[in-house]
Amino acid sequence: MTTRARAGLPAGPPPGSMPTYLGMPAFPDAARKAVADSQLRRNLTHATTAIRVKRAGAIGELGDFQELRAAAKAIKDHALAHLDTYLARFEDNVTRAGGHVHWARDADEANAIVRRLVWQAGADKAVKVKSMATQETGLNEALAEVGIRVTETDLAELIVQLGHDRPSHILVPAIHKNRSEIREIFRREMPDAPPGLTDDPPELAAAARRHLRDRFLTATVGISGANFAIADTGSLVVVESEGNGRMCLTLPQTLISVVGIEKILPSWRDLEVFLALLPRSSTAERMNPYTTIWSGAAPGDGPQDVHVVLIDNGRTATLADRTGRQALRCIRCSACLNVCPVYERAGGHAYGSPYPGPIGAIISPQLRGAGSPVDASLPFASSLCGACYEVCPVAINIPEALVYLRSQSPKHRAERAAFSAAASVLGSPRLLAAAQRAAGAGRFLVGRKGRIRRLPPPLSAWTDTRDAPQPPAESFRSWWARTRQPAASDETSRAGQEAQ
Amino acid sequence: MRIGLFVTCLTDTLFPETGKAVVTVLERLGHQVEFPAGQACCGQMHFNTGYRREAAAMVPGFARAFGDYEAIVTPSASCGAMVREYYPVLAQPDQALAADVAALVPRVHDLATLLVDVLGVEEVGAHFPHRVTYHPTCHSLRMMHVGEAPYRLLRKVGGIELVDLPDAEICCGFGGTFSVKNPDVSAAMCTDKVAAVRQTSAEVLCAGDDSCLMHIGGALSRMRTGVRVMHLAQILAASDGTAASQGAAQ
């Protein structure tokens, strides 16, 4: 049953799927292992701390971050509210410019389209630009099943691919690996790795460069995603740092781009706002080194066979939700991951999705539905500290969305009963006062010297690592009634009953 | 000014000294503080855990209890933020209630901002000769926007030795039911907060919210660090001669 159905809402469009992420454990279980992994903790703390400081500097240089942020939010909200218009316009303009647009409802449809296009190009291999949409659809795995070999060309994605691993960060997929671990992966999995390879970053990058060079030059099919799709001009935009993207997007004869329908921007001018925000928010650069923009096919220049696969995969269902839809504004900058204290300790894999961190906690359960253990647990994988909302360049109120998704998520019967009972007590001044008196009277049963060392489950989850306070002999309420109000206790209970 | 004290159910039940301290400080400054006995819980725990209906049931009682006050003060930025940010949303279906809530919300203040921004006071006549570090809680920073107000108050406390907390703005890992639903990550966050507190060599960790203090204080106590936690109100209430006993309160 879907979240919507459970919440008694009319059945909306179907959720999407992420086939390679089936059967992931609930967040707290995965996080328990991650928290105990010393290497992972060290790598993550090191990397996120560095980027956090750099981003704060890069954003601090902007005098008008709040205005840019408001503009980005407004542009995205407008585009999302008029997706029907802008998607159709985008398709018209791509087609007019000699490209082809394909529509995919879900991951399977998108993968099938790409498979067919690769076959039509007569290829059995492809080079790939880092792309979140194809991580979502599990494209590499789907193509491998039919013997099409895809090479990831982004350095971090290559590390993940060679390591038979999964990405753990949106921008830095191999953030969980340090350089000596990367050296080991290269020595083990890269046949052309130079003998005597050290863990010096320039040497590692040079090895990857040599490894990829021949693949770039011989590839006939390139596969990408896109950061933005511009309706007015039918253009796709890829923003990157390494230049591998430029190679994939310009050298092959056939170019296939898988793009989420929420990537649409109405006009060329809108890019101004996003190209100011995205690099500073993600890599903390004023401007990213490579921005590639293309509109259909240009005769005699670059790929001649240009395809765009527009994918829904749960986005329409998300758009239908008044509170949840703000997640579709996301431009995948990763700023929220880098400031998140939960992400920093649990790592990306615990989120069971290509979208980890705070944004993943609200995107994944919406795109996939909250039916699996991991998706049901994700909205709770946050202390609601709000650091994510503060840095988000498109002002996604992640805490608000998390709390909303919690209200939509299925509850265990025992928990529901406990919260229902608690609500009756906490909501009534009279019952609350009675409970306080009982706790005050029984205080010596549970604690000594002002603290409680051990409580029964589920509260043992607290006392496993933290003492709990012993209830005081007298609550504030009864102190006030005793010392400030002559007709004390009567008035307390009268006011209490009034409030019933 | 006639001020209504929204003490919060947690402080009421487990940390009454904080509530008493708020009363002491405001009365010392010549204000009339009242505790409307019709108040109960604001519903934040329910709301944040996904029990929206149960939380919504708390709104009318709050509006009745506090409707008449010029200012409403709370020693919990978190509960204050619940009222300010989410009561308007929860009250929406009931037009009369929504109007009451809309009128009331701008009058809800965290103790520090009530003192500094509304009453224009920084020096509250406190004396507390101890080494203190201050943890700015997430909701005080990012929802109630208290900014520098707590620091300005603490700096004016007589005899205090105020030291900066490293990585102060990182969450302590409490997060309400997060602390038991995700105990491992919560404890890992708390451990780092405790390490930062230990780096300061402070005797006292101060914050503006008993819930976060219960969390960090629970770990400080479990690890036998000898660091005690105090609510900002308790330090502001401490005066020459009472500082020692106030210090032992929590």
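**Notebook: a first look at chains A and B**

I began with how much of chain A is tucked away: buried residues make up 51% of its 500 residues. I call a residue buried if 20 or more other C-beta atoms lie within 10 Å of its own, exposed if 12 or fewer, and partly exposed in between, with C-beta atoms placed from the backbone.

I reminded myself that this is a predicted model, where local features need pLDDT of at least 70, side-chain atom pairs count only at pLDDT 80 or more, and totals for chains, interfaces and linings use all residues. Residues are numbered from 1 along each chain as its sequence is written, while chains are lettered from A and ligands numbered from 1 in the order in which they are written.

**Entry: confidence**

I looked up pLDDT, the predictor's confidence in each residue, from 0 to 100. Chain A has a mean of 93, with 95% of its residues at 70 or more. Residues 1-10 of chain A fall below 50, and this stretch has 13 contacts in the model beyond near neighbours in sequence. Residues 488-500 of chain A are also below 50, with 29 contacts beyond near neighbours in sequence. By contact I mean two residues whose C-beta atoms, placed from the backbone, lie within 7 Å.

Chain B averages 95, and 96% of its residues score at least 70. Over residues 243-250 of chain B the pLDDT stays under 50, and the model has 19 contacts for them beyond four places in sequence. For the model I noted ipTM 0.96 and pTM 0.94.

**Entry: chain A overall**

I found 26 helices and 12 strands in chain A. Helices (H or I, at least four residues) and strands (E, at least two) are DSSP runs, numbered from the N terminus. The C-alpha trace of chain A spans about 95 × 55 × 45 Å along its principal axes. Of the contacts in chain A with a separation of 6 or more, 74% are between residues 24 or more positions apart.

**Entry: where the chains meet**

I saw that the contact takes 56 residues from chain A and 54 from chain B. Which helix gives the most to the side of chain B that touches chain A? I found that α12 of chain B (residues 183-199) does, with 7 residues. That side of chain B divides into 28 nonpolar, 17 polar and 9 charged residues. In this count Ala, Val, Leu, Ile, Met, Phe, Trp, Tyr, Cys and Pro are nonpolar, Asp, Glu, Lys and Arg are charged, and the others, Gly among them, are polar.

**Entry: a sheet in chain A**

I traced an open sheet of 4 strands with mixed pairing, in the order β8-β5-β6-β9 (chain A). β8 (264-265) and β9 (290-295) of chain A are at the edges with a single partner strand each, so one side of each has no neighbour in the sheet. Two strands pair if DSSP finds at least two bridges between them. Strand β5 (residues 228-230) of chain A pairs with β8(A) in the parallel sense over 2 bridges. There I found A:Ile230 opposite A:Leu265 in β8(A).

**Entry: two covered helices**

I checked α9 (residues 155-162) of chain A, where 8 of its 8 residues are buried. Its buried residues, A:Leu155 and A:Glu157 among them, pack against β3 (149-152), α10 (179-189) and α11 (201-218) of chain A. After α9(A) comes A:His164, with a positive phi near 50°.

Is α6(B) enclosed or open? I counted 12 of its 15 residues as buried, so α6(B) is largely enclosed by the rest of the structure. Including B:Arg84 and B:Tyr86, the buried set runs from B:Ala77 to B:Ala91 with gaps. Helix α6 (residues 77-91) of chain B should span 21 Å at 1.5 Å a residue, and its end C-alpha atoms are 20 Å apart, which agrees; the expected span is 1.5 Å times one less than the number of residues. I also noted a kink of about 40° at B:Glu85, shortly before the proline B:Pro88. The bend is the angle between axes fitted to the seven residues ending at a residue and the seven starting there.

I found a cis peptide bond between A:Pro457 and A:Pro458, with omega about 0°. A:Pro458 sits in the loop between β11 (451-452) and α24 (460-463) of chain A.

A:Asn313 has a positive phi near 45° and is not a glycine. A:Asn313 counts as buried, with 27 C-beta neighbours inside 10 Å.
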